[in-house]
Amino acid sequence: MKPIDPHAFDRKQAEATAPIVPQDRHMIRTQMNRTDWLILAVLAVIWGGAFFFIGVAVKHVHPLTYVWLRVTIAAAAMWLFLRFKGQRLGLPASAWGSIFLLALLNNALPFTLFGWGQTHIASGLASILNATTPIWGVVVAHFLTSDERMTPRKIAGVLLGFGGVATMIGPALLSNLGTSGLAQVACVAASLSYALAAVWARRFRRQGISPLSVTTGQMTAAAVIMLPISMFFDQPWTQPLPPLSAWAAITALALLCTAFGYVLYFRLIETSGATNALLVTLLVPPVAILLGALFLGETLAPQDFLGLGLIALGLAAIDGRLISRLTAPRPLPREA
């Protein structure tokens with residue numbers, strides 16, 4: 001009788017065991033948790049005042065120069081913050097090409113387009129057009145990612161949210177959509193650029209680059225891009241010195257809306273993906289109206305509350321948890 005190999009059972013057991021597939025450590029959450037929603041709310045408050053600051057800045061500073069000042073001050077602040085924390089930038093040489101493209105899509109191009117657009121159209125109308133970013137984001141993420149596919153629920157949610165924004169701004173502004181067409185096209189193009197940037201920014205997590213490093217590198221690259229452009233076209237040394245109000249607006253845009261805001265924004269992209277992060281653009285116009293009511297004594301019209309309701313429904317549809325709970329089958333009662 002042939003002797004039995006004492007290790008044969010171990011080999012057979014190992015062969016029969018299903019191979020362990022390593023989990024993707026970089027998978028995002030399709031449904032946001034409480035921390036993600038808190039970050040989204042803070043971003044909405046920060047960026048809710050951005051259109052007001054832009055409107056103040058471009059009244060006294062040419063758009064290209066305003067963008068260069070904004071990203072340069074933001075870059076300086078980020079470098080000082082890194083030095084304060086005792087951290088290095090940590091960007092590999094191979095990442096700088098991607099960083100420059102991100103700076104173009106996320107800062108240089110949209111900042112310039114919105115800045116120029118707001119010299120021809122109202123800030124409220126610009127915020128409506130900015131709210132098309134999640135719609136672009138759903139489409140872009142569907143074609144350029146594998147884990148943020150388009151669903152009827154997500155599309156319906158974004159359209160509901162956009163309808164809420166349009167309702168809050170009011171029919172008076174919507175009736176002017178046919179005027180200043182080129183400025184409006186510029187704002188829509190800026191919104192598409194934001195959506196492309198949000199999807200492009202996902203790659204930095206896979207490379208192990210922190211949101212702080214991405215923000216610092218992005219602002220530095222944007223300042224490098226805008227310096228020769230603003231010097232050549234605007235020639236700021238030939239313009240009168242801006243008033244204190246313009247400097248205050250640009251500083252607020254640089255430090256609060258850009259440097260701090262983008263650190264939070266990239267953190268949200270890391271955890272919840274580009275589509276969810278872009279929801280902040282739906283909240284910006286209503287937050288601006290609410291802040292006006294709280295701090296400037298402005299009254300809220302009935303359409304503002306209707307718009308808030310539509311936006312809430314849109315966010316609930318995109319998040320999916322409320323719908324899942326409402327449509328989940330109820331457990332059958334136990335028999336006595």
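Which helices each supply at least two residues of the lining of the largest cavity? Some notes on that, and on the second cavity.

1. First, the basis. This is a predicted model, where local features need pLDDT of at least 70 and side-chain atom pairs count only at pLDDT 80 or more, while totals for chains, interfaces and linings use all residues. Residues are numbered from 1 along each chain as its sequence is written, and side-chain values use heavy atoms, with hydrogens and water left out.

2. You'll find two cavities of 30 Å³ or more here. A cavity is a set of points, on a 1 Å grid over the protein atoms alone, where a 1.4 Å probe fits but cannot get out; lining residues have an atom within 4 Å of a point. Points are joined across faces, edges and corners, and a volume is the space filled by probe spheres set on them.

3. The largest cavity comes out at about 270 Å³. Its lining has 18 residues, with Trp47, Phe111, Asn130, Tyr194 and Tyr262 nearest the centre. To answer the opening question: α3 (50-57), α4 (63-85), α5 (96-117), α13 (244-277) and α14 (280-295). Helices here are DSSP runs (H or I, at least four residues), numbered from the N terminus.

4. By class, that lining splits into 15 nonpolar, two polar and one charged. Nonpolar means Ala, Val, Leu, Ile, Met, Phe, Trp, Tyr, Cys and Pro; charged means Asp, Glu, Lys and Arg; the others, Gly among them, are polar.

5. The second largest cavity is about 70 Å³. α11 (203-206), α12 (211-233) and α13 each give two or more residues to its lining, and α13 has the largest share, three. The lining counts seven nonpolar, no polar and three charged residues; among its members are Arg202, Arg205 and Glu270.

Notes:
1 Å grid on protein atoms, 1.4 Å probe; cavity = no way out; pocket = protein on both sides within 12 Å on 5 of 7 lines; lining within 4 Å.
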